[in-house]
Amino acid sequence: MMFAAPGADDNKGAIFTAFFFMSYPVTIFLLLGVLGGKYFGFNSFVLALISAIVVFFVLSFFGYTGMMSNVIRGIPNSGYGVVGNTVYYNADPIVGADAESFNAYKSEDYHNDYSVDQYAADNQYLYFRGKPLPGIRLENLIGKIVAYDFYWLNDTQVIRNGEVIAGLDPQTFGDFEGYSYWTYSKVGEKYTLYYDNTSVDLADFHSFIPLTDRLAKDKNRIFYDGQPITLQVDIDSFEAFSTYGFARDKGHLYYLGSDTPILINGADPDSFDELGWGYYRDKNAIYYVEEENVLVLDSVDYRSFEIVGYIEDHEYDAKDANAYYMRGQKVSEP
C-alpha cells in the first residue's frame, strides 16, 4: 500500500521515507548506544548491527533496495524511461530499442486513458508493455478512443491491447456515441457490427439501435452480449427499462442479469419499481432478484411489506405483517 499511488515507486522522497521508517530500530539502538545505554542488558551497538542486517534482508526481499538503486540511477521502477543509451520498462532494459528516437506515450494526451501508458514507439517499433510489436506500421499512426476503449489506427490496421484486430477497416471503424462495446466497420460495400470486437453476424447495420452497453436491437432481433436472444418479444416496443438490469416490451418484463434474458412471467412492466436490497414490486406481487433469477415471494402480505435493511443482531432485511424475510426467503414469523 505504501507505493500504491501512481508514480509512487519512482518518488525518491516516498522511497527514502519508507526506507528510514523501516530502519527505525537501527536508529533507536544506535542512539541508545551513543548515550551509553543498554537494552535489557544487551549491547546496543550489537543490536543495531543485528537490526541493520534484518532490515536489509527484509528490504531486499520486498524489492526496496533495488527500487532505491534504480531511483538513484534515474531508472524508472514503473513505466518507460531512457537513461543514457538504454531504454527501460519497469526497470528492465528493452534490448534493441533506439534511445534517441524513443517516445513514451502519456495518458494525459489521450483523455487520461491509462492504457496509453503501456505504449511507446521508436523509429522501428510500437511497443506494448515493453515488448516490440513487429508488423505494425508506424506511418500515420494515431491514437483514438472508440466505445470508451483506446485503439491505435494507421492506414490499414486497428490495434487494441497490443494486437491487430482482424477484419476492421481503420478508415470506417467507429462507435455509437454513449455506448461501450458496440462498434462497426465497413469492409468493401458492407458494414459489420461488433460487440467487444467480435462480429455480430446476424445484425442489420441500418436498423441497429444500441439500448444499453449489453443490449441492442435491429428490425429483426434482440441482441444481448452480442448474441441474438431466443425469447419471443415485440421488437418495435422493446426497450431498456428505467430500472437497471431490466427490459420491457408492450406487455412483458425481462430480467437481464443472467447469462441470457429471462421473461418474468406475470410481471406488470408499467408498475414495476425497485424497493431496494434486491426487492422489487409491481401492482400484483413482490419480487427478489438473485444473481441468475427472479423470485416471486409467495404468501407475502403485499400491503404491509417493507424493506428493513440491515439491523444489527437481526437476521432479516424485509418484513410484512406475518413474517420476516432474508434475501427473498421467509426466515421467521413475528
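Ala, Val, Leu, Ile, Met, Phe, Trp, Tyr, Cys and Pro are counted here as nonpolar, Asp, Glu, Lys and Arg as charged, and the others, Gly among them, as polar. With these classes, the lining of the second largest pocket divides into 7 nonpolar, 4 polar and 2 charged residues. The structure is a predicted model, in which local features need pLDDT of at least 70 and side-chain atom pairs count only at pLDDT 80 or more, while totals for chains, interfaces and linings use all residues. Residues are numbered from 1 along each chain as its sequence is written, and side-chain values use heavy atoms, with hydrogens and water left out.

The pocket itself comes next. Rolling a probe the size of a water molecule over the atoms shows where empty space is left. On a 1 Å grid over the protein atoms alone, a pocket is an open set of points where a 1.4 Å probe fits, with protein on both sides within 12 Å along at least five of seven lines, and lining residues have an atom within 4 Å of a point. Grid points are joined across faces, edges and corners, and the volume is the space filled by probe spheres set on the points. The second largest pocket holds about 250 Å³ of space. Of its 13 lining residues, Thr212, Arg214, Tyr244, Gly245 and Leu256 are the closest to the centre.

Charged pairs form a second theme. Side chains of opposite charge can pair when their charged atoms come close. A salt bridge is taken as a side-chain nitrogen of Lys or Arg within 4 Å of a carboxyl oxygen of Asp or Glu, and the count by this rule is 6. In one of these, the closest N and O atoms of Arg160 and Asp149 are 2.6 Å apart. Strands are DSSP runs of E with at least two residues, numbered from the N terminus. Asp149, Arg160 and Asp196 are linked in a network of salt bridges. Relative accessible area, from a 1.4 Å probe and protein chains only, sorts residues into buried (under 20%), exposed (over 50%) and partly exposed (in between). Asp149, at 21%, is partly exposed.

Arg248 takes part in two salt bridges, one with Glu239 and one with Asp270. The closest N and O atoms are 2.8 Å apart in the pair with Glu239, and the N to O distance is 3.9 Å in the pair with Asp270. The latter pair links distant parts of the chain, 22 residues apart, with Asp270 in the loop between β25 (262–263) and β26 (273–276) and Arg248 in strand β23 (residues 246–248). Arg248 is partly exposed at 23%, as is Glu239 at 32%, whereas Asp270 is exposed at 66%.

Gln157 sits in the loop between β11 and β12 and is buried, with 12% relative accessibility. A polar atom of the Gln157 side chain lies 3.0 Å from the backbone nitrogen of Arg137. Contact here means heavy atoms within 4.5 Å. Beyond neighbours within four places in sequence, Gln157 is in contact with Gly135, Ile136, Arg137, Trp152, Val164 and Pro170.

Leu193, in strand β16 (residues 190–195), is buried at 2% relative accessibility. Residues up to four places away in sequence aside, Leu193 touches a set of residues including Phe176, Tyr184, Val200, Phe205 and Phe208. Gly328 is found in the loop between β32 (324–326) and β33 (329–332) and is buried at 12%. The C-alpha atom of Gly328 is separated by 5.3 Å from that of Tyr288, 40 residues apart along the chain. Leaving out residues up to four places away in sequence, Gly328 touches Tyr279, Tyr288 and Leu297.

Backbone angles close the account. Most residues other than glycine have a negative phi. Arg129, however, has a positive phi near 55 degrees; Arg129 lies in the loop between β8 (126–128) and β9 (131–132) and is partly exposed at 46%. Asp313 likewise has a positive phi, near 70 degrees. Asp313 is placed in the loop between β30 (306–307) and β31 (318–319) and is exposed at 73%.

Note on methods
Helices (H or I, at least four residues) and strands (E, at least two) are DSSP runs, numbered from the N terminus. A polar contact is a pair of N or O atoms within 3.5 Å; within protein, one must be able to donate a hydrogen and the other to accept it, and residues adjacent in sequence count only if both atoms are side-chain atoms.
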